[in-house]
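Here is a walk through one protein model, written for someone who wants to follow along in the viewer. Have the coordinates open and click as you read.

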Amino acid sequence: MVKSESKRDQNRRRLATIDCETDPFMFERVPEPFIWGFYDGNFISHRKTEEFVRFISEQNVLAYAHNGGKFDFHFLLEYASEGSIKIINGRIAQFKIGKALFRDSLLILPVPLASMNKSVIDYEMFEVNERQKHMDEIIDYLFDDCRFLFDEVKKFRDTYGNSLTLPGAALKFYKNNYNENIPHSTKEYHQYFQPYYYGGRVEVFKPGIHNEPLQYIDINSAYPFAMTHQHPITTKYSESTTLKDNNIESSFVHCTCISKGALPFRDEHGGLQFPNDNILREYFVSGWELKKGLELNCISKLKIIKVNTFRETISFTDYVNHFY
C-alpha cells in the first residue's frame, strides 16, 4: 500500500508534462507507442517505454499527460506503484511510478489540446516503415505538444493551485475568495431532498423524419445564468402548505396537478418524463418550474402537499462573472 502524499509533498515536486506518439489508429490495429517525450523546461525523448519508465521513475515530478487517463497512461499501468492508482468516472486520474506522480490534465483543462495550441503533422509519417525517415519532424511535434501542455498546466496551477480536478479547483477558489461557509448536510437530509433533483431536460417532442423547415433554439450558458439567481445556502428550512410569492423560486414543492409538459416526472422504472396529458400526477419540483408552469397556463388542478422554504439564499453572480 502506497502512503498518500501530503499537499506540501506534492507542491515540492517540479512540474513536468509527458506525451507519446503511437502507430496511427487503424481498424483492428492496437496502437503501440514508439517514442515518449518528457518536458520540465528541458525536453527529453525516449524511443522505448521501458527506457522512459526507468528515467521518469527517478524524477521527483508531477507529470501531466493530456487525456492520459484514457490513453497514454494505459501503456504505463504495468509499472504503476501498488495501490497508487486513482480512478474518477472510469478515467485514470492519478498514479505513481517510483518517485514520479502522474495526473491527467484533461481533469483540469477539459478541452482538446488542439484548442489550446498544437502543431500539425501528417500521421502517415508515424507508420513503422515511414517514421525513421521523419523522426526529426516527429520529435519536434512531440516537443511542441509537451511544451504547449506545460505552459497551459503551469498557468492553471499558478492561478488555481494543486487541485486534481476542475470542480475541486472551482470550489476551492470559491471558498478562498468569497468567504462563504458552505454547510454540510447529512445522509437523511440528502435522501429527503433527492426526489426534487433531476438531470437536464432531454426530450424528443416529435420523432421521425421531418421534411419541413426546422428551427433550432438554445440558451447560451444556462447553468451560469441560473447561478446568478438565488439558491439555498443552508440546511435550515421550514415547511408549509402554501406558496409564498417572495421566495417561491428557491423553494421545493411537493404537489399534485395536471401538467402540460411543464414538470419533470419519474416513472416507476426511474425514467424521466415530462407528461403532457390530462392525468393527475404527484410531482416533486422546484419553485422555478412550478412558477413558470403556472405563468404559461401549463398547470391545472394544483394541490399543494408541502412547500419546503429555506431560511437563507445566495446568488453566485460575482463568482460566475469572474469566470464568464
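Some housekeeping comes next. This is a predicted model, so local features need pLDDT of at least 70 and side-chain atom pairs count only at pLDDT 80 or more, while totals for chains, interfaces and linings use all residues. Residues are numbered from 1 along each chain as its sequence is written, and side-chain values use heavy atoms, with hydrogens and water left out.

**Strands and hairpins**

Helices (H or I, at least four residues) and strands (E, at least two) are DSSP runs numbered from the N terminus, and two strands pair if DSSP finds at least two bridges between them.

Start with strand 2, residues 33-39. Seven of its seven residues are buried, so strand 2 is largely enclosed by the rest of the structure. On one side, it pairs with strand 1 (residues 14-22) in the antiparallel sense over six bridges, with Thr22 bridged to Pro33. Strand 2 also pairs antiparallel with strand 3 (residues 43-46), over four bridges, and here Phe38 stands opposite Ile44. Strands 2 and 3 make a hairpin with three residues between them, and Gly41 in the turn has a positive phi of about 115°.

The one from strand 5 to strand 6 has two residues between the strands, and Asn89 in the turn has a positive phi of about 50°. The one from strand 6 to strand 7 also has two residues between the strands, with Gly98 in the turn at a positive phi of about 60°.

**The nonpolar core**

Which residues touch the most other members of the largest nonpolar core? They are Phe126, Ile138 and Val153, out of 24 residues in that core. (A nonpolar core is a set of buried Ala, Val, Leu, Ile, Met, Phe, Trp, Tyr and Cys residues joined through side-chain atoms within 4.5 Å.) Strand 2, strand 4 (61-65), helix 3 (113-116) and helix 4 each give two or more residues, and helix 4 supplies the largest share, nine residues.

**Rings and charges**

Rings of Phe, Tyr and Trp (its six-membered ring) pair if their centres lie within 6.5 Å; planes under 30 degrees apart are stacked, over 60 edge-to-face, and the rest tilted. The structure holds 38 such aromatic pairs. In one of them, the rings of Phe71 and Phe75 have centres 5.3 Å apart and planes at 85°, so the pair is edge-to-face. Elsewhere, ring pairs link Tyr189, Tyr192, Phe193, Tyr196, Tyr197, Tyr237, Phe252, Phe284 and Phe310 into a cluster.

A charge sits over a ring if NZ of Lys or CZ of Arg is within 6 Å of the ring centre and within 35 degrees of the ring normal. Here are two cases:

| Charged residue | Ring | Distance to ring centre |
|---|---|---|
| Arg201 | Phe274 | 3.8 Å |
| Arg281 | Phe265 | 5.5 Å |

**Cysteines and loops**

How many disulfides does a search of the whole structure find? Zero, where a disulfide is a pair of cysteine sulfur atoms within 2.5 Å. For Cys255, the nearest cysteine sulfur is that of Cys257, 4.5 Å away. Cys255 is buried at 0% relative accessible area, and Cys257 is buried at 0% relative accessibility.

Asn162 lies between helix 4 (135-160) and helix 5 (166-178), and is buried at 11%. Its side chain makes a polar contact of 2.6 Å with that of Arg157. A polar contact is a pair of N or O atoms within 3.5 Å; within protein, one must be able to donate a hydrogen and the other to accept it, and residues adjacent in sequence count only if both atoms are side-chain atoms. Gln59 sits in the loop between helix 2 (49-56) and strand 4, and is buried at 16% relative accessibility.

How values were computed
Buried < 20%, exposed > 50% of the residue type's maximum accessible area, 1.4 Å probe, protein only.
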